[in-house]
Amino acid sequence: MIEIVPMGYAHTKELARLEAECFSSPWSQKALEEELEHENAHFLVALIEGEVAGYVGMLHVLDEGDICNVAVFPRFRRKGVATALIEELFCYGQQKKLSFITLEVRQSNTGAQSFYQTMGFEPIGVRKNFYSDPQEDAVLMNYYFQ
């Protein structure tokens with residue numbers, strides 16, 4: 001069973017390890033801890049049997065949400081972790097009366113793009129040279145609340 005909890009200091013060491021495993025420009029433990037101090041940051045952790053399986057981070061300003069990162073440890077992928085995290089963000093967005101949530105995804109990451117589309121995100125544009133290491137464009141995707 002997947003349990004979704006707010007990110008806390010106790011999670012940041014493991015999340016920094018997850019970042020390093022998943023991304024070419026990972027967030028550090030310190031960077032994750034700094035998000036705990038931001039009023040407009042909403043970070044959630046997925047636990048499976050008490051073990052960190054993944055996380056999602058979003059910043060919200062006024063009626064807009066911007067997903068910073070979604071990451072799931074490889075051994076927990078395809079088990080509904082990312083879906084549970086995104087669904088919890090949707091609940092949060094409805095409570096906060098957000099108009100939409102946006103995210104960027106590497107243009108070459110067609111698997112993630114497909115996943116986000118199944119969750120209701122729509123591609124709305126491209127951010128040129130958004131990513132580095134390696135340099136790549138990002139597909140900008142939005143989820144609109146009804």
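Student: What share of the contacts with a separation of 6 or more links residues 24 or more positions apart?
Tutor: Bear in mind that this is a predicted model. Take the contacts in the protein chain with a separation of 6 or more. Those between residues 24 or more positions apart account for 60%.

Student: What percentage of the residues count as buried?
Tutor: A residue is buried when its relative accessible area is under 20%. The protein chain has 146 residues. The part of them that counts as buried is 46%.

Student: How much of the accessible surface belongs to carbon and sulfur atoms?
Tutor: The accessible surface of the protein chain comes to about 8,100 Å². The part of it that belongs to carbon and sulfur atoms is 49%.

Student: How far apart are the centres of the positive and negative side chains?
Tutor: The protein chain has 12 positive side chains and 21 negative ones.

Student: Which residues of helix H4 are buried?
Tutor: Helix H4 covers residues 110-118. On its other side, Thr110 and Thr118 are exposed. The buried ones are Ala112, Gln113 and Tyr116.

Student: Why do the buried residues of H4 line one face of the helix?
Tutor: Start with who is buried: Ala112, Gln113 and Tyr116. Look down the axis of H4. The buried residues line one face because they fall within an arc of 100°.

Student: Which elements do the buried residues of H4 pack against?
Tutor: Look for the partners of the buried residues in H4. One of them is a helix, H3 (81-95). The strands are S4 (64-72), S5 (100-106) and S7 (136-144).

Student: How far is Gly120 from Glu33 in space?
Tutor: Gly120 and Glu33 are 87 residues apart in sequence. Now go from C-alpha to C-alpha. The separation is 30 Å.

Student: Is Leu62 buried or exposed?
Tutor: Leu62 is in the loop between strand S3 (51-61) and S4. Most residues other than glycine have a negative phi. Leu62 is not a glycine, yet its phi is positive, about 55°. At 78% relative accessibility, Leu62 counts as exposed.

Student: Where is Asn129, and what phi does it have?
Tutor: Asn129 is in strand S6, residues 122-131. At 48% relative accessibility, Asn129 counts as partly exposed. It is not a glycine, but its phi is positive, about 50°.

Student: Is Glu19 buried or exposed?
Tutor: Glu19 is in helix H1, residues 9-22. Leaving aside neighbours within four places in sequence, it contacts Pro26, Trp27, Tyr55 and Asn69. At 0% relative accessibility, Glu19 counts as buried.

Student: Is Ala10 buried or exposed?
Tutor: Ala10 lies in helix H1. Exposed means over 50% relative accessible area. With 77%, Ala10 is exposed.

Student: How far apart are the C-alpha atoms of Gln94 and Val45?
Tutor: Gln94 is in helix H3. At 53% relative accessibility, Gln94 counts as exposed. Gln94 and Val45 are 49 residues apart along the chain. Their C-alpha atoms are separated by 19 Å.

Methods. Residues are numbered from 1 along each chain as its sequence is written. This is a predicted model: local features need pLDDT of at least 70, side-chain atom pairs count only at pLDDT 80 or more; totals for chains, interfaces and linings use all residues. Side-chain values use heavy atoms; hydrogens and water are left out. Buried means under 20% relative accessible area, exposed over 50%, partly exposed in between (1.4 Å probe, protein chains only). Contact means heavy atoms within 4.5 Å. Accessible areas come from the Shrake-Rupley method with a 1.4 Å probe; for residues, only the protein chains shown count as cover. Lys and Arg count as positive and Asp and Glu as negative; His and the chain ends are not counted. The place of a charge is taken as NZ of Lys, CZ of Arg, CG of Asp or CD of Glu. Helices (H or I, at least four residues) and strands (E, at least two) are DSSP runs, numbered from the N terminus. The arc is that of the directions from the helix axis to the C-beta atoms.
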